[in-house]
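Please read the following points with the sequence and the structure side by side. They are meant for someone who has not looked at this structure before.

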Amino acid sequence: MRFAGLVFISLIFFVLTVSSAFAAVVLNDVIAVVANAPVTTIDLSQELDRLKRRKAPAKDKRGAKSQALDNLIGRAIIDVIAREESVTISPERINNAIKKEMDMRGILREEDFKKVIKRDTGMEFDDYKDELSRQLKTQQVMQLRVSVPNPTPSQVEEWYRQNKSRVGKKYTFRMIYIPVAGNELKVSNTMKAARAMGASSSAGFANAATKYSAHASRGRGGLMVDMRLDQVAQIDPILAGAINGTPMGTTSQIFVGSNGGYYCVRVESARAIGLDEVYDNVRAIIYSQNEQIEYGRWLKEQRKKVSVTIYLKDYQE
């Protein structure tokens, strides 16, 4: 009987193992084939999860599955062309791109950059690096295969005229910053004293910044001159929001920045940003728009040339 029991248990284990293997095959079914490369349900599930975690609003009205599958097909096509052109993205190139982004944001430590990526995109750092690698590969393929028209001066001027309110302003302001180190109650009380000293006038605020602030601007009374909000956001995005919401000639309430430190600001002046100051930025925006348009057209052409077979039942073209 004992032997029979062991045989029965072994039979159950065999059935469960086979069933699990069969389930795995079903769960990872092929939903598309791009130039002999399969796209599976697991690929689709991972892409759907990535789209869900992204903070950018979805623009595709066909449904998440169709959008996700199109993204996967597009990447597969890029991989086909990249192999034809011998395009590879080395770890060194990815690291250099990350270093450049950190420099632009004014971030010195990679650990701080990881937190910013998580906050801004909802992505883990490894996922961000994978996405960056795909972007770099796509850019290189486009440079080799896609012609993108350069914006003309008249197009730049027209864009600026239509979007002048979006271009924003440059602010001159004073700031007091006190990091939290040790006794937070003591830091809070110190900041209250600093604000009380500087709330009534610009000169008073300058004296308070010189006395209390831990920011490098303390030597000039906390003065920060002609900064766009995106530049301020590189210091701290919450600081940028406070400046945008503080009327000219007034002092903000005390607030805690994204790094946990205490801030107080006084907005001295604000002025419209001229075209000459943002010409290169506007030109880059228009070029990026042109690039997206040409990439979309090129990808449609490639889908006709590269063998693409779709098996996903509820896919919408």
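Predicted model: local features only at pLDDT ≥ 70, side-chain atom pairs only at ≥ 80, totals over all residues.

1. Strand 1, residues 30–34, and strand 2, residues 37–40, run antiparallel and are joined by four bridges. The two strands form a hairpin with two residues between them, and alanine 35, which lies in the turn, has a positive phi of about 50°.

2. Helix 5 covers residues 110–121, and its 12 residues reach 16 Å from the first C-alpha to the last, close to the 16 Å expected at 1.5 Å a residue. Phe113, Val116 and Ile117 are buried in this helix. Seen down the axis of helix 5, the buried residues fall within an arc of 100°, so they line one face of the helix.

3. The buried residues of helix 5 pack against helix 4 (91–105) and helix 6. Helix 5 is followed by glycine 122, whose phi is positive, near 75°.

4. Helix 13, residues 275–305, has 31 residues and reaches 43 Å between its first and last C-alpha, close to the 45 Å expected at 1.5 Å a residue. Where is the kink in helix 13 centred? A kink of about 35° is centred on asparagine 281.

5. The buried residues of helix 13 include Leu275, Val278 and Val282, as well as Asn290, Glu294 and Trp298. Its buried residues pack against helix 3 (64–84), helix 6 (125–145), helix 7 (153–162) and helix 8 (164–167).

Notes: Residues numbered from 1 in each chain as written. Heavy atoms only, no water. Expected span 1.5 Å × (residues − 1). Bend = angle between axes of the 7 residues up to and from the residue. Buried < 20%, exposed > 50% of the residue type's maximum accessible area, 1.4 Å probe, protein only. Contact = heavy atoms within 4.5 Å. Arc of directions from axis to C-beta. Pairing = 2+ DSSP bridges.
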